[in-house]
Amino acid sequence: MTGANPASEGSGVPLLEVTGLNAFYGDFQALFDISASVPRGGALALVGANGAGKTTLLRTIAGVNRAASGSIRFSGTDLRTAPPHRRVSLGISLVPEGRKLFGSLTVEENILVGAAAAASDSWPLERIYGVFPMIASRRRQRAAVLSGGEQQAVAIARALAAAPSLLLLDEISLGLAPVVVESLYETLAELRSGGTTLVIVEQDLQRAMAACDDLVCLLEGRVALAAPVSSVSREQVVAAYFGQVPSGAP
Amino acid sequence: MTGFVTTWINAVIQGMLLGGQYALIACGLSLTFGVMRIVNLAHGDLAVCGAYLGLVLSTALGVPVWVVLPLLLPGAFVVGAVLQMLLLGPSLRHGVLAPVLVTFGLSVMIENLLQVAATSDPRGLNGGSLAVASFRITGKITVSWLFVCAFAAAVVVLSGLQILLSRTSWGRKVRATADDPDTARLVGIRVLPLFATVAGVAVGTAALAGVFIGTIGTFDPFAGSGTLIFAFEAVVIGGIGSLWGTLAGGMALGITQSVVGQVNQAYAVLAVHLLFLAVLAIRPAGLFTSHQEAREAGALG
């Protein structure tokens, strides 16, 4: 029985497992009984209308929002009481909505700050600049003066500096030109093939479904639909998105 | 004629050196506000506490106060860190007014406790032979070594802080947290211990300033409030959050005080406050901040 433990740490155990999660935003309950899981090396698309609770869910997983009840297990460890810096050093990094760079710091300083609680040193600066060559040439510039696409790349680079095994991405394509979004998603595909597990919040349903294996649709803080991408149609997701009763129900 | 010119040059030089003392006391205030958004109304009282601690230690050991600095400064650092962890940090969670009230209460408490413990007799610190040494620049201008040391200490402390903030990993984290505490937490910075070290550094510099104040002049339990006003004015004139601005602000105060004092001593301090009001009215972001920095400071706040 004891011998089976390390062996079972393979593909069978999900990297991230959220069970019965309730969370509040002030007095307002933002998440109701959320359950979801992502296998190691997998990619989960988290979709839903504005205010459905996607950002709150990501922030609760990252530990900056408190979970009122329920459990978050990462690689088999219960994260319930872990503060954010502990979760970062376990391998969870969040790329926040709106990028949230440290504007008075240079590009490189932003990335170095991201390494403050790094899980390992497997993402040194050279490797990060290899993934994002466009920001390497701007490393000495202050983050505030970059273009939107460059800022988004720096935000992802800052998260990568913590050497995450789970990367949470919140609305990375917001306000960016399609060609820039295209290249960001190509980078995400590379990261994934390198073994990084992804949870992606994305407004563009088509893009989210193309990039991920599994999909969870939130509606007013509850899971409206959870299924492998291959088994649902775009119409079904749209119906869940707007809370419409599936056709065929009484 | 030369005598006349020399008098004014002397006033400017003495004022600049005096400004160093103001900058030394002000830089901790600037750091605390710039990083943690706390206006520490007890900063001057903490400086006076540093002077009293210096008095106790140097009297007990029978040595000039400079000798006990290696004991005093780490002690002040610990006091600052503990105050931040137990009192100021928790107060930050209750809006912007709470820390102001907490530090005001702390100021009143420190002043009264000092009065009970040490009476309100004015005291002075034993500065050893340095306290009375001076040197002559030209025939008529003589400068006190103590003033020069206070000015040098201010320059060393300010440059040291500047280097720590711009070159070290600690400084990067401090600046990132000042930019956006919420995101700092998100990327894994432990904000509470980081703030404790910042408060420790601020109180350490206050204690050092207190030692100079107590060696150059005298102090009593209520000296902190007056000190705070000058420090606060130096920070505002220099531009909030700019350390070199704080030095320049302190020197502007010192020169004003000294030059006006040359005309009429009664108006010297009044002139300083008028300068402060004029700067607030004309350039509220401070004399030594660029428009760019001012905008960012506004965006940060």
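This is a predicted model: local features need pLDDT of at least 70, side-chain atom pairs count only at pLDDT 80 or more; totals for chains, interfaces and linings use all residues.
## Reading strands and folds, step by step

User: In which sense do E1 and E2 of chain A pair?

Analyst: Strand E1 of chain A covers residues 14–25 and strand E2 of chain A covers residues 28–39; they pair in the antiparallel sense over eight bridges.

User: What should I expect of side chains along a strand?

Analyst: In a regular strand, side chains alternate between the two faces of the sheet.

User: How many bridges join E1(A) to strand E4 of chain A?

Analyst: Six bridges do, and E1(A) and E4(A), residues 67–74, run antiparallel. Here A:Glu17 stands opposite A:Arg73 in E4(A).

User: Now for chain B: how many helices and strands are there?

Analyst: Chain B has 12 helices and two strands. Following the sequence, the pattern is α-α-α-α-β-β-α-α-α-α-α-α-α-α.

User: What does the radius of gyration say about chain B?

Analyst: A compact globule of 301 residues would have a radius of gyration near 19 Å, and chain B has 19 Å, so the two agree. The C-alpha trace of chain B spans about 65 × 50 × 35 Å along its principal axes.

User: And what share of the residues in chain B is buried?

Analyst: Buried residues account for 48% of the 301 in chain B. As for contacts in chain B between residues at least 6 apart in sequence, 75% join residues at least 24 apart.

Key:
Residues are numbered from 1 along each chain as its sequence is written. Chains are lettered from A and ligands numbered from 1 in the order in which they are written. Helices (H or I, at least four residues) and strands (E, at least two) are DSSP runs, numbered from the N terminus. The radius of gyration is taken over C-alpha atoms; the globule rule is 2.2 Å times the number of residues to the power 0.38. A residue is buried if 20 or more other C-beta atoms lie within 10 Å of its own, exposed if 12 or fewer, and partly exposed in between; C-beta atoms are placed from the backbone. Two residues are in contact if their C-beta atoms, placed from the backbone, lie within 7 Å. Two strands pair if DSSP finds at least two bridges between them.
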